[in-house]
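Subject: Structure for your review

Dear colleague,

Please find below the structure that I am handing over to you, followed by a summary of what was found in it. I would be grateful if you could read the two side by side.

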Amino acid sequence: MKTCSPLLALSLLSLLVACQPGKPAEQATETPNFLEETPEARAERMAWWKEARFGMFIHWGLYAVPAGEHNGQRTDGIGEWIMDHLHIPIAEYEPYASQFNPVKFQAEEWVRIAKDAGMKYIVITSKHHDGFALWDSKVTTWDVMDATPFKRDLLAELAEACKKEGIRLCFYHSIMDWHHPDAQAAFEPNYHQYGDSGLTNPQFPRYIETYMKPQIEELLTRYGDIGVMWFDGEWIPDFTHEQGLDLYQFVRSLQPGIVINNRVDKGRQGMQGMTMAGEFAGDFGTPEQEIPDTGMPGVDWESCMTMNDTWGYKSFDDNWKSTETLIHNLIDITSKGGNFLLNVGPTAEGLIPEASVERLAGMGKWMQLNSESIYGAQASPFAKPTWGRFTHRDNQLYAHVFDWPANGKLLLPEVQSAQSVQLLASGGALSFVITQAGLEIQLPREAPDSIATVIAIQQN
């Protein structure tokens, strides 16, 4: 039995009040058009996100159970797409729910790992393309409470842990759904290529209104203030630009201050992730597994990236990026005015893989000493140099040196003034001189940090 949703009940109540005898109709409150936001209001809403710069992506769901292998066959693709890549029928995929029992899951530990790494927000897959919900949804039984032996609301526990530690909780949510009969692209009984963009389902509008929106309403009314609604799967032909505009309005009607990515609409340009010209909804671009080569002044964007080759857990994917590469990526992205959303794919037991934990700890060690050059930092005013990257904040310029000069001197032709120069991590002053060629800094013989030494330059 389905009950009336809180949002619908509130809307009906408002309508009754507005239509009472003697009450002028013009006093009824209209929902604001969130697509006509002033630049000042937008800047205020986006401020925390632009200050944060670094967040954790969590891809977790039933796909962690097969961990990349089904009936003895390994997928060559990413773990969370195993249902599509190995053409697993719904009836054959559903039993994984009875095996999903993450008894080692500790929300507090996940949040601690993120916080110690210097991350300011967490984006978790509330529902991925397989349609499985990680919360106690009243809209369906295809969720962690009804379909698994675990029977705990994972998002509620994560929300409580995030609130305690001052981390912003955000939700990833798939528009595409391979499980719901009104939404799966390949709804023919014997056809199991769910991600095939050439297929359509005429009942998709019904899925949006009676299933997707009520689930989003649950997410945005139960777990407190949500920082970001991170949509995906918008490329399917059933989802239209008009539905995207409506979805953006719907989400912000529930939480007006929320930030929403550009995959809420149809404007994303492939994996490059930036929004094409036009009247498309969405607050920031979403480059996937790549970093734009140059900065984009006045455009908000966030690079999402894996530590190995998969988003969802695959037991045999050991192609890990080094801590050095990940720190350089964070600096590079910040130097171009973007955010870095770095993924972890927990196991079916509820553990973040040790290789991920080790790399995040290494990033946290660097951030403890150098986060001033990342949080709230703006894109470099200069082209990227060969030795590293610049970021800046107000009159403070930060030179992140990847390649330490053999001669002990760092020449910055772009910089024509400086009041002081020091090592950010230690506060140690560095000798410098302004010449016609630019700012010349005398460095220690060896780099204090072999991965990235940050030099803080106070300008006039």
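Alanine 67 sits in the loop between β1 (54-58) and β2 (69-70); helices (H or I, at least four residues) and strands (E, at least two) are DSSP runs, numbered from the N terminus. Although alanine 67 is not a glycine, its phi is positive, at about 55°. With a relative accessible area of 7%, alanine 67 is buried (buried means under 20% relative accessible area, exposed over 50%, and partly exposed in between, with a 1.4 Å probe and protein chains only).

Please note that this is a predicted model, in which local features need pLDDT of at least 70 and side-chain atom pairs count only at pLDDT 80 or more, while totals for chains, interfaces and linings use all residues. Residues are numbered from 1 along each chain as its sequence is written, and side-chain values use heavy atoms, with hydrogens and water left out.

Asparagine 71, in the loop between β2 and β3 (73-74), also is not a glycine and has a positive phi, of about 50°. Asparagine 71 is exposed, with a relative accessible area of 66%.

Single residues elsewhere in the chain

Glycine 312 belongs to the loop between β8 (302-305) and α10. Its relative accessible area is 0%, and glycine 312 is thus buried. Which residues does glycine 312 touch, not counting those up to four places away in sequence? They are His59, Tyr63, Gly79 and Glu80, where contact means heavy atoms within 4.5 Å. Between glycine 312 and leucine 62 there are 9.4 Å in space, C-alpha to C-alpha, and 250 residues in sequence.

Lysine 163 is part of helix α7 (residues 154-165) and counts as exposed, at 73% relative accessibility.

Helix packing

Two packed helices are described by the angle between their axes and the distance between the axes. Here the axes are lines fitted to C-alpha atoms, for helices over the stretch in contact, and angles run from 0 to 180 degrees between N-to-C directions. Angles under 35 degrees count as roughly parallel, over 145 as roughly antiparallel, 65 to 115 as roughly perpendicular and the rest as oblique. A crossing is left-handed if the near helix is turned anticlockwise from the far one by less than a right angle, and right-handed if clockwise.

Helix α5 (residues 107-116) and α7 cross at roughly 45°, and their axes come within 8 Å. α5 and α7 are therefore oblique to each other, and the crossing is right-handed. On the α5 side the contact is made by Ala107, Glu108, Val111 and Lys115, and on the α7 side by Glu157, Leu158, Ala161, Cys162 and Glu165. By class, the contact of α5 with α7 has 5 nonpolar, no polar and 4 charged residues (Ala, Val, Leu, Ile, Met, Phe, Trp, Tyr, Cys and Pro count as nonpolar, Asp, Glu, Lys and Arg as charged, and the others, Gly among them, as polar).

Helix α8 (residues 204-222) packs against helix α9 (residues 241-254) at an angle of about 25°, with the axes 10 Å apart. That makes α8 roughly parallel to α9. The crossing of α8 and α9 is right-handed. Among the residues that make the contact are Phe204, Ile208 and Met212 of α8 and Leu247, Phe250 and Leu254 of α9. The contact of α8 with α9 divides into 10 nonpolar, 2 polar and 4 charged residues.

Helix α10 (residues 323-335) and helix α11 (residues 354-370) pack at about 50°, and their axes are 9 Å apart. α10 and α11 are therefore oblique to each other, in a right-handed crossing. Thr323, Leu326, Ile327, Leu330 and Ile331 in α10 meet Arg359, Gly362, Met363, Trp366 and Met367 in α11. Of the residues in the contact of α10 with α11, 7 are nonpolar, 2 polar and 1 charged.

The chain as a whole

The chain has 11 helices and 16 strands. Its C-alpha trace spans about 75 × 70 × 40 Å along the principal axes. Of the 460 residues, 55% are buried. Among contacts with a separation of 6 or more, 69% are between residues 24 or more positions apart.

Yours sincerely
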